[in-house]
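Visitor: I am new to this structure. Could you walk me through it in short steps?

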Amino acid sequence: MLDAYAETGRDMRASAETTENQDAREDHVAEFINVSKRFGAVLAADQLNLGIRRGEFLSFLGPSGCGKTTALRMLAGFEEPSEGCVRINGSDMSAVPSYRRPVNMVFQHYALFPHMSVAQNVSYGLRQRRPRMAKAEIATRVAKALETVRLEDFGGRRVWELSGGQQQRVALARAIINEPTVLLLDEPMAALDAKLRADMQRELLDLQRSLGITFVLVTHDQEEALSMSDRICIMGGGRIAQVGTPQDLYDRPCNRYVADFVGKANILSGEIVERADGCARVVLPSGAEVLVSEEGPDTRRKIEIVVRPEALGIGVAASPGDAALKARITHRTFLGDHTEYLLEAEGIGPVQVNLPRQAERASGRHEVGDEVHILWAAEAGRVLAAEN
Amino acid sequence: MRLYAVAVYGFLYLPISIIALFSFSAGRNASSMQGFSTEWYARALNNPFVMEALWTSLKVAFFSAILATLAGTMAALALTGMKGRLRAIFDVLVQIAVMIPGIVIGIATLIALVTLFDLVNPWIESLTGWRLSLGLGSLIGLHGMFTMSLVVLLVRGRLESFDRAQIEASNDLGASPLGTFMQVTFPQIAPAILAGFLLAFTFSFDDFIMAFFVAGSETTLPIYIFSSIRRGVTPEINAIGTMVMVASLTLLIVAQILLRPGHSRGKG
């Protein structure tokens, strides 16, 4: 078991390195090169290799304790890598303290200075510059930064008089006024309520596009990462599990961990019996045969398949062309635009199927307890890299 | 219950108010009121011995409070970066320092200093011709060491409600560690530091017990009052006592105002 785990680790690293080599020609604004970080006996970051492209919106996504915040803090200079190095604009940051790095951070709880006004908070970074920047110049830039975050009239306010969303904007203005090479965002939306969060996400995206600054976001919220990022770096146990565009990760998760973390996923075990043209015929434990996308070696072997709930359908009878699995409906949850069905498939176990409103209207509504068929269109599923 | 409270507070504060009242007596008796006058205040302020003792007390209080504030603030700052067992040991030591009776500290310090002086004086004398002895130095040192724990407790309390992420934010925005301290940390803990200074000052100014042991040939105001009581109490003592009390209360009230939660917010 342990050996198998170590094996997977090496695989992951190998794949991460390949990505790195492919990206070598690209313009990287920041890079992690074999970066590990130990806190005592805990390995918080394990051999990270990642290039962050200039101007992109990259998210570190993962559950708490996966190493995403550690990675961000190493970029900011709050933590030193135990091994490897972090580069920004091509130069090694090992000996560069946080106050000399061309990056700025928006903190999770904003970390505004309560003894300063909004304008004083925003101008703080400019006031640290040597030689000193002219007062008039600072005032102009503060006004512009406040305008960017739509807080024009708030310069004289105390930060503790502001609402959470307004404080968030001050934190943002305080960071972007310095025109950083990379803007780091540490779960900036975590403390906002859902409505405000959605607004703020949209504003952040607009801001990123208009400023052209590279944004690196840390989040545990997969929807946030999916909706905002150009690329997502999924982390688990201190390692990079997969890096890719949101669609890549959703459609082609490289392992069970990623499949589970990004979107909802049914993960079924099976055995490849035959393959052709990037497709494999897989026998499920129930004996049913399904066609799934696959690009692995041509061998008969046990595998796992990921299939998204919305890729499946429900029918009263098996329809020709589709593989069908007999199942009984155990739960039905109406969610407005779609309905979630939880089914117990014969010989397989629980399977989730999401039916959009239209499909449900066409096929008729199914009730809990109904004996139905799960309809599986060819290539709806995808084979995961074997994990054990 | 209310009667009980009245009795307790009466027992505590009646003698003090009577002293304040009698200090305005026109007669020569310290324990009765005979007419009204401020004569005894004038006498006290014109008494060269009183003024000399007051001057000594002020010097000791000021310099020991400076010492306590500097060392105590630095200790409190260092403690926030400390975790685990070592931190617990320091916390306990600081608390114990406040709780040990003054008389124990006084005797212990006296013995320690005398032993130390006996040990090093031959060397120092042969090198410089001077001798270490009890006096202003030992008073300032002892009061400074003792009141340092008060400052540590106050400043540490303020630091605990201080969001440490602000320090990272300041570094992130380009301020060096020193710049961060001057612009972010210090302005926010300044009220607690000032309150610590005032408490340390008041404590030193009022202390009799510890000072009595290590004062050597110096006479602080409390020591002067104690020795003049042995020669007989006059309303002059009442007047001095009242003035000391008013000064101390003023400082304590200012310290309390500074320590009110959220005080650092108001100013910028």
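This is a predicted model: local features need pLDDT of at least 70, side-chain atom pairs count only at pLDDT 80 or more; totals for chains, interfaces and linings use all residues.

Visitor: What percentage of chain A is buried?
Guide: Chain A has 388 residues. A residue counts as buried if 20 or more other C-beta atoms lie within 10 Å of its own. In chain A, the buried share is 43%.

Visitor: What share of the contacts in chain A with a separation of 6 or more joins residues 24 or more positions apart?
Guide: Contacts with a separation of 6 or more are the reference set here. Within that set, residues 24 or more positions apart account for 65%.

Visitor: Which strands stand at the edges of the open sheet in chain A?
Guide: The open sheet has 6 strands, with mixed pairing. Their order is β6-β7-β8-β3-β9-β10. An edge strand here has a single partner, so one side of it is left without a neighbour in the sheet. The edge strands are β6 (103-106) and β10 (239-244) of chain A.

Visitor: What is the average twist of that open sheet?
Guide: The sheet in question runs β6-β7-β8-β3-β9-β10 in chain A. From one strand to the next, its twist averages 20 degrees.

Visitor: Which strands make up the closed barrel of chain A, and what is its average twist?
Guide: The barrel has 5 strands and mixed pairing. They run β11-β12-β13-β20-β14 in chain A. From one strand to the next, the twist averages 55 degrees.

Visitor: How many bridges pair β11 with β14 in chain A?
Guide: β11 covers residues 266-276 of chain A, and β14 covers residues 302-307. A:Asn266 stands opposite A:Val307 in β14(A). A:Gly270 has A:Ile303 of β14(A) as its bridge partner. The pairing is antiparallel, and the number of bridges is 6.

Visitor: Which residue of β20(A) is the bridge partner of A:Val306?
Guide: β14(A) also pairs with strand β20 (residues 381-384) of chain A. That pairing is antiparallel, over 3 bridges. The partner of A:Val306 in β20(A) is A:Arg382.

Visitor: Are helices α3 and α5 of chain A roughly parallel or roughly perpendicular?
Guide: α3 (residues 118-127) and α5 (residues 164-176) of chain A have axes 7 Å apart. They pack at an angle of about 30 degrees. Angles under 35 degrees count as roughly parallel. Therefore α3(A) and α5(A) are roughly parallel.

Visitor: Which residues make that contact, and what is the handedness of the crossing?
Guide: α3(A) supplies A:Val118, A:Asn121, A:Val122, A:Tyr124 and A:Gly125, while α5(A) supplies A:Val170, A:Ala173 and A:Arg174. These divide into 5 nonpolar, 2 polar and 1 charged. The crossing of α3(A) past α5(A) is right-handed.

Visitor: Now chain B. Are helices α2 and α11 roughly parallel or roughly perpendicular?
Guide: α2 (residues 39-46) and α11 (residues 235-259) of chain B have axes that come within 8 Å. Those axes cross at roughly 80 degrees. Angles of 65 to 115 degrees count as roughly perpendicular. So α2(B) and α11(B) are roughly perpendicular.

Visitor: How do the residues of that contact divide?
Guide: From α2(B) come B:Trp40, B:Tyr41, B:Arg43 and B:Ala44. From α11(B) come B:Pro235, B:Glu236, B:Asn238, B:Ala239 and B:Ile240. They divide into 6 nonpolar, 1 polar and 2 charged.

Visitor: Is B:Val50 buried or exposed?
Guide: B:Val50 is in helix α3 (residues 48-80) of chain B. B:Val50 touches B:Ala44, B:Tyr224 and B:Ile240, leaving out residues up to four places away in sequence. Because it has 22 C-beta neighbours inside 10 Å, B:Val50 counts as buried.

Visitor: How far apart in space are B:Val50 and B:Ile225?
Guide: In sequence, B:Val50 and B:Ile225 are 175 residues apart. In space, C-alpha to C-alpha, the distance is 8.6 Å.

Visitor: Which helix gives the largest share of the side of chain B that touches chain A?
Guide: In this contact, 19 residues of chain B meet 23 residues of chain A. On the chain B side, α7 (165-172), α8 (177-206) and α12 (263-266) each supply at least two residues. That side divides into 6 nonpolar, 8 polar and 5 charged. The largest share, 6 residues, comes from α7(B).

Technical notes: Residues are numbered from 1 along each chain as its sequence is written. Chains are lettered from A and ligands numbered from 1 in the order in which they are written. Axes are lines fitted to C-alpha atoms, for helices over the stretch in contact, and angles run from 0 to 180 degrees between N-to-C directions. Helices (H or I, at least four residues) and strands (E, at least two) are DSSP runs, numbered from the N terminus. Angles under 35 degrees count as roughly parallel, over 145 as roughly antiparallel, 65 to 115 as roughly perpendicular and the rest as oblique. A crossing is left-handed if the near helix is turned anticlockwise from the far one by less than a right angle, and right-handed if clockwise. Two residues are in contact if their C-beta atoms, placed from the backbone, lie within 7 Å. Ala, Val, Leu, Ile, Met, Phe, Trp, Tyr, Cys and Pro count as nonpolar, Asp, Glu, Lys and Arg as charged, and the others, Gly among them, as polar. A residue is buried if 20 or more other C-beta atoms lie within 10 Å of its own, exposed if 12 or fewer, and partly exposed in between; C-beta atoms are placed from the backbone. Two strands pair if DSSP finds at least two bridges between them.
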